Amino acid sequence: MTVHLSRRYGFFASHRLHEPSLTDAENRALYGKCNNPFGHGHNYEVEVTAKAQVDPVTGRSVDLRVLDQLCETVLLAPYRYKNLNLEMRDNPTTENLALLFDILLRRAWGPAFAGQSAKLERIRIWETERNICDIETKDEA
Amino acid sequence: MIISKKVEFSASHICRSPQLSDEENQRVYGPAANPQSHGHNYVVEVAIEGTPDPVTGMILDLKHLKDILEEKILSVYDHRLLNAEVDSFASLVPTVENMAIDMWKRIEAHIDATGRARLHSVRVHETNDLFVEYRGEA
């Protein structure tokens, strides 16, 4: 039996939305208050969804210890209490953060879940309660 | 009778005191001492105390309260680096405790000035599992 299991994590970070190829006026018009030169911050939440077979004996699917450790190492620890502009190459929109997390998690997924059925399916990031970005992911990369 | 209004904003801050050494800041504030800043989605609940008007049934027109909160709190705090852009924190660490006290100072007189209610408490949630409440000094 296949299930889709999701687990949610959180971290706190600051950022500033600014695209260097645009003028200051264009950046202000495009990003509004998110372009404030000093930056601002959020309580980010990250939900990782994986597809896996339910073990008929244990009734468990995705090994949560593996998932927790993987997400902590790859997604959370590098960005927790950080200024995202200093930690990523692209403009730290929620979309770009999702694209980055997709690459990072896919790269590390195979080795972490070697020999297990768990396949990464989706990453969802909440920047605020109302700003949410999903990325459907392909785990064979 | 007490009525509360909730508003939200996003801001960054640095929890670091110039009166402490780097080691002490790290010990006291942990990762929140990162000088490059980090941030939160803050939720503020402002409670006012009064008696419902016999005609309108309202303690205070909540649009009036909302205007006060937007002008005195949100326009000051939202999408800001608190240490650099809110004057109260030029020499005060913007911990959630100090933020609640600062917000109280910013709005208390304006609530009094309505003649309808007095400020009861300012509750500031920094995360889902951490908030402080300030009820003034009286």
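Author: The model is a predicted one. In chain A, β1(A) and β2(A) pair in the antiparallel sense over 14 bridges.

Reader: What makes β1(A) and β2(A) a pair?

Author: Two strands pair if at least two bridges are found between them. β1(A) and β2(A) have 14 bridges, so the pair meets the cut-off of at least two. One of the bridges joins A:Arg7 to A:Val48, which is in β2(A).

Reader: Which helices pack on the sheet, touching β2 of chain A?

Author: Helix α2 (residues 64–76) of chain A touches β1 and β2 of chain A, and its direction makes about 30° with that of β1(A). Helix α4 (residues 94–112) of chain A touches β2, β4 (119–126) and β5 of chain A, and its direction makes about 150° with that of β4(A).

Reader: What is the order of the strands in the open sheet of chain A?

Author: Five strands form it, in the order β3-β1-β2-β4-β5, with mixed pairing.

Reader: Why do β3 and β5 (132–136) of chain A stand at the edges?

Author: Each has a single partner strand, so one side of each is left without a neighbour in the sheet.

Reader: How many residues of chain A are in contact with chain B?

Author: 18 residues of chain A are in contact with 19 residues of chain B. On the chain A side, β1 (2–15), β2 (40–53) and β3 (82–83) each supply at least two residues, and β2(A) gives the most, with four. The residues on that side divide into six nonpolar, nine polar and three charged.

Reader: Why is B:Ser37 called buried?

Author: The cut-off for buried is 20 or more other C-beta atoms within 10 Å. B:Ser37 has 29, so B:Ser37 counts as buried. This residue lies in the loop between α1 (22–29) and β2 (38–50) of chain B.

Reader: Is B:His79 buried or exposed, and how do you know?

Author: B:His79 has 23 other C-beta atoms within 10 Å. With the cut-off at 20 or more, B:His79 is therefore buried. B:His79 is placed in the loop between α2 (62–77) and β3 (80–81) of chain B, and has a positive phi of about 55° although it is not a glycine.

Reader: What share of chain A counts as buried?

Author: Of its 141 residues, 32% do.

Technical notes
Residues numbered from 1 in each chain as written. Chains lettered and ligands numbered in written order. Predicted model: local features only at pLDDT ≥ 70, side-chain atom pairs only at ≥ 80, totals over all residues. Buried ≥ 20, exposed ≤ 12 C-beta atoms within 10 Å, placed from the backbone. Contact = placed C-beta atoms within 7 Å. Nonpolar A, V, L, I, M, F, W, Y, C, P; charged D, E, K, R; others polar. Axes fitted to C-alpha atoms, helices over the stretch in contact; angles between N-to-C directions.
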